[in-house]
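Please read it beside the sequence and the structure.

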Amino acid sequence: MLILRKDVNLANEIYGGILQDNDKVIFEKFKKGVQKRIVFIQELFDVDLNTLDDLEFLKIITSLYNVNVYDNDLLDFVTNKFNKKYVGYEEISTTMVYNEEIGQNNNNFWNPLFQVKYVIAVTDDAKIDSSHVYTPDELRELIASGNAVIVEKINETLDISQGFLRESVEDFPVFNINEELVRALREMISNNMFVYDVDSYYFDLLDEIDDVLAVFRKMHEEDYSYKREKDIKRILVALQ
């Protein structure tokens, strides 16, 4: 799992329209960008991660960090949750099929057939036949064995010519990654680390403000009657 603090990206927002926007538009865009980020930082300054429930914790963490979860991380999560070693993934088809009215085609409603498939995490002991179409009973038996855990549900358009016994859809539980993700993130991100990264975000914001102001100065160096720099600094003082 890779966790990276998000970039401020204020300068990129401003530079994106700096050639076509007039001074007033640039200034308003800059002011709103600074205000939004200052409010964001102020909200994070008061956070104590240890007092947050799981949903609040995940919301706060993903607001400041990009969290990248990889296939091996998910296997680790499933292994930790069920105390059994899961080593890979398989995709299986099921006999569960349904119709869904999804829109109009030439003034007629289109009712395609969908087949339910699952991606499952498996142990070394799992006996999976990827060419087999699993009935709900067979799927229940596979899950009950502890050798497979459903990690993703897939609804795939079904070719009407495919021949197998079709059954109604049952609701099989899909592994909820959030509980184990929060557990792992709590182990990786301490309050001290979080406070440090909030401070770093703040100082990066100040650097980007200086960068944007430097561009403004460059744009107006021939006629330096440009006074908005002082206005912007007053805004920053008022917001802090």
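Four strands form an open sheet of mixed pairing, in the order β7-β3-β6-β8, where strands are DSSP runs of E of at least two residues and helices are runs of H or I of at least four residues, both numbered from the N terminus, and where two strands pair if DSSP finds at least two bridges between them. The edges are taken by β7 (133-134) and β8 (148-157), each of which has a single partner strand, so one side of each is left without a neighbour in the sheet. The model is a predicted one, in which local features need pLDDT of at least 70 and side-chain atom pairs count only at pLDDT 80 or more, while totals for chains, interfaces and linings use all residues. Residues are numbered from 1 along each chain as its sequence is written, and side-chain values use heavy atoms, with hydrogens and water left out.

**Sheet and packing helix**

- Strand β3 (residues 88-99) and strand β6 (residues 113-122) pair in the antiparallel sense over nine bridges, and Asn 99 stands opposite Leu 113 in β6.
- Helix α5 (residues 136-144) packs on the sheet and touches β3, β6, β7 and β8, its direction making about 150° with that of β3; contact here means heavy atoms within 4.5 Å, and axes are lines fitted to C-alpha atoms, for helices over the stretch in contact, with angles from 0 to 180 degrees between N-to-C directions.

**Salt bridges**

- The structure holds nine salt bridges, each being a side-chain nitrogen of Lys or Arg within 4 Å of a carboxyl oxygen of Asp or Glu.
- The side chains of Glu 156 and Lys 117 meet in a salt bridge (2.7 Å, N to O), a pair that links distant parts of the chain, with Glu 156 in strand β8 and Lys 117 in strand β6, 39 residues apart.
- Lys 117 counts as buried at 11% relative accessibility, whereas Glu 156 is partly exposed with a relative accessible area of 33%; buried means under 20% relative accessible area, exposed over 50%, and partly exposed in between (1.4 Å probe, protein chains only).
- Arg 186 forms a salt bridge with Asp 54, the closest N and O atoms being 3.3 Å apart, and this pair links Arg 186 in helix α6 (residues 177-188) with Asp 54 in helix α3 (residues 54-64), 132 residues apart.
- Within helix α2 (residues 23-45), Lys 31 and Glu 28 lie three residues apart, about one turn of the helix, and they form a salt bridge whose closest N and O atoms are 3.4 Å apart.
- Asp 137, Arg 140 and Glu 170 are linked in a network of salt bridges.

**Glu 90 and its contacts**

- Glu 90 lies in strand β3 and is partly exposed, with a relative accessible area of 31%.
- Leaving aside neighbours within four places in sequence, Glu 90 is in contact with Tyr 118, Val 119, Ile 120, Val 122 and Ile 128; Glu 90 and Tyr 118 are 28 residues apart in sequence and 8.3 Å apart in space, C-alpha to C-alpha.

**Surface patch**

- Leu 2, Leu 4 and Tyr 70 form a nonpolar patch on the surface, with about 280 Å² of accessible area together; patches are made of residues with over 30% relative accessible area and no salt bridge, with like charges joined within 9 Å and nonpolar side chains (Val, Leu, Ile, Met, Phe, Trp, Tyr) within 5 Å.
- Accessible areas come from the Shrake-Rupley method with a 1.4 Å probe, and for residues only the protein chains shown count as cover.
- Leu 2 has its place in strand β1 (residues 2-5) and counts as partly exposed at 37% relative accessibility.
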